[in-house]
Amino acid sequence: MTPGAMLRLRFIGWSASMLAMLAVFALFVLPNPRVETDILALLPQTQTDRGFDAPLEEFSAQLARKQIFLIGSERLEDAKLAAAAFAHALETSGAFAQVQSRLDSDLAQRAAVYLAHRAYLLSPKDRRALETGVTEPLVKRALRAAYTPTGLMQPLGVAEDPLGFTSHFLRATAGAFGNTRVEGEVLVAARDGLEFVLVLTENEGHPFASSTQERVVPAIAHARRAASLATNRPVEIAGSGAIQHASAAAERAKREVTIFGSIESIAVVLLLLLVFGSMRPLLLGLLTLALAITAAYTVVHFVFGGVHILALVFGSSLIGSVIDYSIHFFADRFRDPGHWTPAAALPHVGPAILLGLTTTLVGYLVLAAVPFPGLAQIAVFCMTGLIVGCGCVLCLYPVLANARGRLPGFGPVVGQALDGALHNWRWSRHRFIVLAVLAISVALGIARVRIQDDVKALQQSPAQLVSEEQRVRDVLGSGVESRFFLVTGDSAQAVLETEERLTLSLDELVNANSIASYQAASNSVPSLGLQRRNHELLAAHVYAPGAMLDQVMTTLGFPPSAVERRRAEFAGAVAPLTVEDWLSSPASLGARHLWLGQVGTLYGSVVTLGGIVDVSSLKQVQLPGVRLIDRIAQTTETLAVYRRAMTLLLAAVYAVAGLILALRFGWRDAARMLLPSVAATLATVGIFGWLGVPFNLFTLLALWLVLGLGIDYGIFLRHGRAHRITAVLSVTMSACTTLIAFGLLALSATPFIRSIGLTLLFAITLSWLFALLASKTENEIHG
Amino acid sequence: MSWLAALTVMPSAWGAPGGETPAHPMTDEVDLHSLLSRPAAKLRMAQVLQGQFRHSRHLREIPQPLVALGEFTFVRDLGVYWHTRQPFDSVIVLTNAGLAQSDDGGPVQRISADEQPAVRLITSIFMALFTLDTRTLGRHFHISGAVNDRNRWFIGLKPRADGIAGAFSQATVAGADEVEQIVLTDAQGDRTVIDLTGIRYSSDVPGAEVRALFAPPRP
């Protein structure tokens, strides 16, 4: 086969596969896009008990769907009107699975469930009292309740519950909610002279899915207006919930990507026009980029089921590498402007591009192997994009990139100027001293760099949402907590029994004011063991002849028949309350979500906490089958582990890349190609140390990009040493496009994107500078 | 990243969403105001109310009511001090913060209103009853009223929400110049009758010894 036929065959083959890829994208990906913005979705699953990741994920997801709104006004009537309008607007929007603005009226139904099993139920306090066997205070308490208004505050009357045990149990199961009080049918909290009515919602769908956000966020905005219009008095609305933060983050990311993307595209277009003087390189470059990003998006979509915003941000680094390949290809024209043909360019630039691709792929392969979903996604995205980009340049350009028109003189002038400046550069003693001082400063800077693994600092919400969140906390008095306990066991009853041991510890924490409250399923459905124990205690100390029941009822003047009726009722009650009965009855309303049920061979439940004051006290709760789940702390810990591991890996990847280059060029040249990136990386970290810019996992990810790009510069310069001006120009243009693309990210309001931008801003500039300086020495040696 | 904080603990006291809008203030407000204007005006000035009570509970299964006697002190903005003398000695202090109970001069037991919203509810109703604060009562009850030719009046209260129906399903308050009798009836038909006698009003700011009744106990 002639080389020309070979080129055409490659062209047709590659074009066909690109068309197939576009068809897949248009048919399967485009109709169902899913862009993730949750930073946690990037992180590895925090290791929990065997197989409980999925139900815990679901539990967290359910919590993330919930929102609390406080609708406040000076007069309660106005607040109620506004809250009613607010809730009505949300209900009619259809974006919510649940909107609750009124107290449930199922209290009676709930009481009925427990009344049927009252022979097995006792509040923890009453049980402890009965266990002492001293019943006199309990008798006294029952008599007092009959004679004083305290009896009125019991859910059940004196005749229905003469000893008050059922009332006390009902009271112990009813979860309290912060500073709220019941006002008619709504829960109200007062603060700063305002009365706030609570509205609780649960939205349909995942809060981080853009489809959910598009429905829920406008519905909330509409409801806010409706609430303000419902009364002519000022209304304050404070909301708390994941979705608004997620939506704000997604909106901002989209806005930034759009703005930065536009500026960046315009700048790249101008640059390419300026240097190559025709539309063709530009159009081909954009085509290559579009194909690379579409292919990467499609592959990630299928491999991971969605694309994370961070992968997209890194994907824009493809502008760096992929455009670099294009630029390198077209810059080859300057080598021989008169006789250049695209087919002839291939042997000149092909090897350099392939080598650059190989070293970069080594870096990303390592990244893909790290068990970290986010990194794997970024790696797959970048690898696919790079391979496709490289394929386009090598297969399409030789046919499409016909050289027409005159090349502008601007490019060579810049290349010449830079090369000239380099040529006049001499290593003098003074310059070595300056270099040594700089090296020491960098070392000092690295020593003082501030490490940041706190996931909270990596993602920031708009100030208004944060202050609303704080307002809800202040008004309700009880914080909303993301920490909770996971309880597991071999059976439902084992889980309840473990929970009961856990709640003993939690009661102590409540008494010590370490936490304000907790919510556990076993509070509303005690284990069968405990229920039987309750039954025994009741039988022995209360219903036995002459015991409490007789004492209290006789003293109050009940006839013996009334006493016997209650004794018969107790004797007739045979069935304790089971978890299944509880789950299917109104008694479990509001606590059902705590029960995770059977997962594999295990059963699990969740015990939630309210108003945590002392976090360390929670860690001291050590019981078999109980785990404190603290996703924020776990995430921070995970980030730290990966940051350390990836620092080592980065060093390893440099070593491997060095080995590849050394095999190809010998260790001297390899060092010359590699050291600029290494020096730029170290210097960037040093500068961060002096500037007080924190070093985190995302800085490290950006340094991964520097590895690829920096080595490319070295390779292009080394390959192009016969045509230095062309090579210098090519590398300078590459650095410029990358700086345009990432320099702007340094202005991002999202901290982790800003980290990436700042890192690349410094590291790419330095890589470019060092690569040129390194090639200078090379030039001298090789003549 | 405070959206993480929204992984929140939800209250259990909320159930399925209802269909109706919250109830609005009572129907015949104007009539009630004129009905109660005289006693209410007098009560409005009062800072402290003191008197005797007779608390009798009528249970269907017991022929004789359970009767307790004692004295009470109501202080506006503070609460109610309820001292039962017969058949035993027991003190209950109802305040916005909750309920404190002490028997035979023994240690004080408290139920915080934060733990138990029902306590706050009952307390606010109790305080509203003493001052004939129809606005507060109207939040919790449908109110109806009547007056007879000898200037005796009575009002009927029916709870708006089921939340308090457990405690009583209806109440009547009767009086002439002041509140004289409160009758609370629960769902089973058992009644609690509170008769107030010998009421003394004071529009002065309560003195130290009165305030001391409401002071929180030393820990």
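Chain B contains 4 helices and 11 strands, in what is a predicted model. Of its 219 residues, 52% count as buried, and among the contacts in chain B with a separation of 6 or more, 44% are accounted for by residues 24 or more positions apart. Chain A, for its part, has 31 helices and 13 strands, and buried residues make up 58% of its 783 residues. When the contacts in chain A between residues at least 6 apart in sequence are considered, 81% of them join residues at least 24 apart.

| Helix pair | Angle | Axis distance | Crossing |
|---|---|---|---|
| α22(A) (residues 528–543) and α24(A) (residues 560–572) | about 160° | 12 Å | left-handed |
| α28(A) (residues 667–691) and α29(A) (residues 697–719) | about 145° | 9 Å | right-handed |

For the pair α22(A) and α24(A), the angle of about 160° is over the cut-off of 145 degrees for a roughly antiparallel arrangement, and the two helices are therefore roughly antiparallel to each other. On the side of α22(A) the contact involves A:H535, A:L538, A:A539 and A:Y543, which meet A:R566, A:R567 and A:F570 in α24(A). By residue class, this contact of α22(A) with α24(A) divides into 4 nonpolar, 1 polar and 2 charged residues.

The pair α28(A) and α29(A) packs at an angle of about 145°, with the axes 9 Å apart. From α28(A), the residues A:D669, A:M673, A:L674, A:S677, A:T681, A:V685 and A:F688 take part, while α29(A) supplies A:T699, A:L703, A:V706, A:L707, A:G710, A:I711, A:G714, A:I715 and A:R718. The residues of the contact between α28(A) and α29(A) comprise 9 nonpolar, 5 polar and 2 charged.

Another helix of chain A, α3(A), covers residues 76–93 and has 18 residues; from its first C-alpha to its last it reaches 25 Å, which is close to the 26 Å expected at 1.5 Å a residue. Its buried residues include A:L76, A:A79, A:A82, A:A83, A:A84, A:F86, A:A87, A:A89 and A:L90, and also A:D78 and A:K80. After α3(A) comes A:G94, a residue whose phi is positive, near 75°.

Positive phi values also occur at two residues of chain A that are not glycines. A:D192, in the loop between β5 (186–191) and β6 (194–203) of chain A, has a positive phi of about 50° although it is not a glycine, and with a relative accessibility of 58% A:D192 counts as exposed. A:N513 lies in the loop between α20 (492–511) and β10 (515–519) of chain A; its phi is positive, about 60°, although A:N513 is not a glycine, and at 58% relative accessibility A:N513 counts as exposed.

Returning to chain B, a further backbone feature concerns the peptide bond from B:Q86 to B:P87, which is cis, with omega near 0°.

Conventions. Residues numbered from 1 in each chain as written. Chains lettered and ligands numbered in written order. Predicted model: local features only at pLDDT ≥ 70, side-chain atom pairs only at ≥ 80, totals over all residues. Heavy atoms only, no water. Axes fitted to C-alpha atoms, helices over the stretch in contact; angles between N-to-C directions. Parallel < 35°, antiparallel > 145°, perpendicular 65-115°, else oblique. Left-handed = near helix turned anticlockwise from the far one by under 90°. Contact = heavy atoms within 4.5 Å. Nonpolar A, V, L, I, M, F, W, Y, C, P; charged D, E, K, R; others polar. Expected span 1.5 Å × (residues − 1). Buried < 20%, exposed > 50% of the residue type's maximum accessible area, 1.4 Å probe, protein only.
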